[in-house]
Amino acid sequence: MSRAVSRYNYAAQFGPALPAVMADVEQMLVDGRYILTAEVSAFEQAWGAYLGVKHVRGVNTGTDALILALLALGVGPGDEVVTQANTFYATVAAIRLVGATPVLVDADEETFLIDAARLEEVITPRTRVLMPVHLFGKPTPMGPILALAAKHGLAVVEDAAQAHGAKIAGKCVGAIGTVGCFSFHPSKNLAAAGDGGAVVTNDDRLAEALQQRRELGQCGQNHHVVLGLNSKLDAIQARILHYKLASLEAWNAQRRRLAEAYRERLADLPVSFQQVHAGEEHVFHLFQVRTDRRDDLLCALQAAGVDAIVRYPTPIHLQPAFADQGWRRGQFPIAERLADELLCLPMRPDLGSDAIDYVADRVRAFFHRDGR
Ligand SMILES: *Cc1c(COP(=O)(O)O)cnc(C)c1O
């Protein structure tokens with residue numbers, strides 16, 4: 001018998017407080033409180049307090065957060081930005097969109113994060129920024145990256161779009177490097193009802209540059225001193241995010257418990273998982289299982305009503321959008337293998353243990369059917 005286990009449940013994210021949120025939104029609609037209102041600064045302040053970072057600027061999307069971070073750092077044509085070959089398209093598109101050159105490093109086989117041991121060999125006199133991605137919600141070990149950045153005089157931009165509240169030794173990612181970038185896309189751990197993003201920093205001068213760059217390069221009204229975007233977090237989204245922020249810690253803790261439950265139930269199967277380290281708080285934006293029979297397992301799960309999905313089937317260096325970079329198949333072999341072998345099982349904080357059991361049973365049935 002098949003039943004559906006979906007990846008998202010937005011009703012559960014609001015719970016019984018939905019009418020109160022709706023009343024606030026209704027009032028904002030009739031008052032015309034839409035752009036850079038008190039709701040936006042209140043959320044920016046709350047997000048900064050949660051992360052332990054001095055400045056937060058709400059922007060349109062996580063992609064804009066990355067673009068604005070690079071613009072504020074003065075990165076442009078001729079500059080190189082180092083990131084990983086296994087990430088979401090936006091990380092690398094942002095580098096290209098400011099006219100800079102992306103330099104890729106392969107993934108680490110166990111953590112699925114950037115292989116820090118290979119970072120130094122790609123640094124050149126043109127390198128300006130190291131851009132690690134806390135992929136799937138696992139915090140990238142930042143010590144070696146910060147040390148390299150200090151040694152070579154580089155900025156560190158954290159792509160924390162999948163890692164709201166992920167911590168290393170109690171410190172939130174995004175607040176560790178020079179600038180941190182977040183997305184509040186509806187799929188993320190902290191989700192707006194539409195697009196949204198934030199860029200965060202402890203640096204006063206950078207915060208000023210970020211502010212100018214998100215608001216049409218303005219310094220005072222109608223005085224435009226630099227090239228800027230028009231990229232501001234919507235006030236209604238800020239209100240919704242502020243409401244949900246109160247639940248983020250509990251949701252992330254629940255995601256960790258569910259991940260542990262999956263791992264226990266799948267422990268004896270020929271699958272592996274993203275490594276978890278002591279002293280870190282992974283927030284399991286995605287829960288990945290790794291198997292060389294990925295495509296068949298995906299079909300079996302989907303046929304059984306399990307909303308499993310592949311993130312991401314094509315690594316960056318093989319995306320048509322980046323054909324002009326001259327990257328080749330075989331150049332980043334671990335990223336290629338992860339693209340072929342990773343599968344996301346449904347992960348959302350309100351999943352019950354019955355749902356975890358159902359998904360795990362379907363995975364077990366797949367591997368036992370042919371005696372492996
Ligand atoms: C979602 C995401 C982004 C982009 O965020 P948007 O809000 O969708 O623009 C950037 N990097 C990573 C790793 C992401 O997962």
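The buried residues of helix α4 are Gly62, Asp64, Ala65, Leu66, Ile67, Leu68, Ala69, Leu70, Leu71 and Ala72, where buried means under 20% relative accessible area, exposed over 50% and partly exposed in between (1.4 Å probe, protein chains only). This is a predicted model, in which local features need pLDDT of at least 70, side-chain atom pairs count only at pLDDT 80 or more, and totals for chains, interfaces and linings use all residues. Residues are numbered from 1 along each chain as its sequence is written, and side-chain values use heavy atoms, with hydrogens and water left out.

**Helix α4**
- Because 10 of the 11 residues of α4 (residues 62-72) are buried, the helix is largely enclosed by the rest of the structure; helices are DSSP runs (H or I, at least four residues) and strands likewise (E, at least two), numbered from the N terminus.
- Gly74, with a positive phi near 75°, follows α4.

**Glu44**
- Glu44 belongs to helix α3 (residues 38-51) and is buried at 12% relative accessibility.
- Its side chain makes a polar contact with the side chain of Arg214 at 2.9 Å; such a contact is a pair of N or O atoms within 3.5 Å, and within protein one must be able to donate a hydrogen and the other to accept it, while residues adjacent in sequence count only if both atoms are side-chain atoms.

**Salt bridges**
- The count comes to 23 salt bridges, each a side-chain nitrogen of Lys or Arg within 4 Å of a carboxyl oxygen of Asp or Glu.
- Lys54 and Asp204 form one of them (2.8 Å, N to O). Lys54 lies in the loop between α3 and β1 (55-59) and Asp204 in helix α7 (residues 204-214), so the pair ties together parts 150 residues apart in sequence.
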